[in-house]
Amino acid sequence: MPELIAKTALLGKKPVTFAGTTLAEGDAGPVASIALFPGQDKAAAKALKPLAFPAPNSFTESEAARLVWTGRDQAFLIGAEPPALGGIAAVTDQSGGWATLTLTGPMAVEALMRLVPLDLRATFAVGQAARAPLGHMQSILFRTAPDSFTLMVFRSMARTAWHEIEVALRSLAARAALA
Amino acid sequence: MRLTCPLCGPRDRREFYYYGHEDYLQRPGPDAGPEAWDDHLHLRDNIAGEVRDLWYHETGCAQWLVVTRNTVTHEILSTELVADRKKKGVRA
């Protein structure tokens with residue numbers, strides 16, 4: 001049997017840093033959409049332990065995995081294989097379907113706010129997540145630390161997303177250099 | 001114009017796709033005559049004032065909303081999930 005090698009969307013793309021803020025590709029590992037069947041909240045909570053099913057616009061995490069809210073009664077399990085959820089939720093493998101980008105540094109908020117129409121300064125705390133447009137792309141955005149965000153876009157949009165964020169970073173760095 | 005998605009919070013209207021009046025939720029029964037279907041598909045009131053219509057949160061949570069708004073004052077009066085209406089037993 002041939003040995004297949006899973007490649008990330010931007011394999012080989014080196015991280016870029018402008019004004020201390022780094023854009024890099026992340027490797028999400030396995031990603032599964034977990035869409036709860038009606039009335040299965042309690043059963044899901046039990047099956048997903050130690051992770052709690054996230055409230056809208058948030059994510060929960062354990063050592064190995066994250067569970068990120070992505071829609072009504074739906075979350076993405078990232079970084080671990082899903083447990084058995086027969087009769088509780090519809091589980092769909094999304095691995096490889098999404099590109100993951102991380103943005104870390106003092107200009108992360110400003111750069112993202114050029115592309116995402118959300119106020120990421122005050123109201124978007126660590127532990128929060130959002131389905132929001134990045135330019136014209138659908139994305140999943142979550143804040144993992146005060147100066148660190150993870151973004152997920154459809155795999156086919158990976159290079160566009162990278163380009164958009166890099167341009168935003170470049171222009172912010174240029175402004176900072178002039179000031 | 002901003003719409004408050006019941007799940008995502010206040011968002012720009014460009015994140016949403018506009019569909020039409022909430023009449024679309026009142027689908028005629030399978031035995032309804034051609035007049036009922038004609039009415040359902042094509043006949044709409046052109047209201048100056050409060051209207052209730054369907055919007056889809058396209059670049060957000062992918063939910064259908066019923067938005068109550070005023071076409072004269074541009075006020076957004078309420079937003080609710082179509083899915084929640086179903087839960088409450090509203091015929092949809």
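Two residues count as in contact if their C-beta atoms, placed from the backbone, lie within 7 Å. I'm keeping that one handy for everything below.

**Ground rules.** I'm working with a predicted model, where local features need pLDDT of at least 70, side-chain atom pairs count only at pLDDT 80 or more, and totals for chains, interfaces and linings use all residues. Residues are numbered from 1 along each chain as its sequence is written, while chains are lettered from A and ligands numbered from 1 in the order in which they are written.

**Domains of chain A.** Nine residues of domain 1 of chain A are in contact with eleven residues of domain 2 of chain A. On the domain 1 side, strand 9 of chain A gives the largest share, three residues. (Strands are DSSP runs of E, at least two residues; helices are runs of H or I, at least four; both are numbered from the N terminus.)

**Chain A against chain B.** Here I found ten residues of chain A in contact with ten of chain B. Strand 9 (residues 129–134) of chain A brings the largest share of chain A's side, four residues.

**One residue, Ala108(A).** I found Ala108(A) in helix 2 (residues 108–113) of chain A. Is Ala108(A) buried or exposed? Ala108(A) is buried, because 24 other C-beta atoms lie within 10 Å (20 or more means buried, 12 or fewer exposed, in between partly exposed). Leaving out residues up to four places away in sequence, Ala108(A) touches Thr21(A), Leu103(A), Asp147(A), Ser148(A) and Phe149(A).
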